[in-house]
Amino acid sequence: MIHYMNLHSEPFYAIESGKKDIELRLLDEKRQMIQVGDFIEFTNIGNSECKLKVVVIALYKFSSFEKLYKSLSLLRCGYTNENINQASPTDMDVYYSKEKQEKYGVVGIEVRVI
């Protein structure tokens, strides 16, 4: 199955270059349908002509970003050596409300570029 998602330019290029291989998302109805072996086509929000196809390698499900941040390598989630010390689960509040995080839980989607 192929899933379609949008990504901001920075994480898009980090996945494309191999610097990031875990995408963090809310585990809403759309993401609950993703299974290992499925494909995701990311569209760069900054340039909708740029698309990137990946295969799902693993799914890491958690009740909160706080638990996810304690369990997964944040360098693999898109942080860098320069900003890893400032990494916080509250960084994800910009994208997902606390209410939705509590309702659905969260997921780290491990991917490999095809």
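The legends below describe close-up views of a predicted model. Residues are numbered from 1 along each chain as its sequence is written, and side-chain values use heavy atoms, with hydrogens and water left out. Local features need pLDDT of at least 70 and side-chain atom pairs count only at pLDDT 80 or more, while totals for chains, interfaces and linings use all residues.

**View 1. The largest pocket and its lining.** The largest pocket has a volume of about 610 Å³. A pocket is an open set of points on a 1 Å grid over the protein atoms alone, where a 1.4 Å probe fits, with protein on both sides within 12 Å along at least five of seven lines. Its volume is the space filled by probe spheres set on the points, which are joined across faces, edges and corners. The lining consists of 23 residues, and Pro-11, Lys-20, Cys-77, Gly-78 and Tyr-95 lie nearest the pocket centre; lining residues have an atom within 4 Å of a point. Strand 1 (2-7), helix 1 (9-17) and strand 2 (22-26) each give two or more residues to this lining. Helices (H or I, at least four residues) and strands (E, at least two) are DSSP runs, numbered from the N terminus.

**View 2. The ring cluster of Phe-65, Tyr-95 and Tyr-96.** Rings of Phe, Tyr and Trp (its six-membered ring) pair if their centres lie within 6.5 Å; planes under 30 degrees apart count as stacked, over 60 as edge-to-face and the rest as tilted. By this rule there are four aromatic pairs. Phe-65 and Tyr-96 are stacked, because their ring centres are 6.2 Å apart and their planes are at 15°. This pair links distant parts of the chain, with Phe-65 in helix 3 (residues 65-71) and Tyr-96 in the loop between helix 3 and helix 4 (98-104), 31 residues apart. The pair of Tyr-95 and Tyr-96 is tilted, with centres 6.5 Å apart and planes at 55°. Phe-65 and Tyr-96 are both buried (under 20% relative accessible area, with a 1.4 Å probe and protein chains only); the value for Tyr-96 is 13%.

**View 3. Lys-53 over the face of Phe-39.** Lys-53 lies 5.2 Å from the ring centre of Phe-39. A charge sits over a ring if NZ of Lys or CZ of Arg is within 6 Å of the ring centre and within 35 degrees of the ring normal.

**View 4. Strand 2 beside strand 5.** Five of the five residues of strand 2 are buried, so the strand is largely enclosed by the rest of the structure. Ile-22, Leu-24 and Leu-26 are on one side, and Glu-23 and Arg-25 are on the other. Strand 2 and strand 5 (residues 106-113) run antiparallel and are joined by five bridges; strands pair if DSSP finds at least two bridges between them. Leu-26 has Val-106 as its bridge partner in strand 5.

Key:
Buried means under 20% relative accessible area, exposed over 50%, partly exposed in between (1.4 Å probe, protein chains only).
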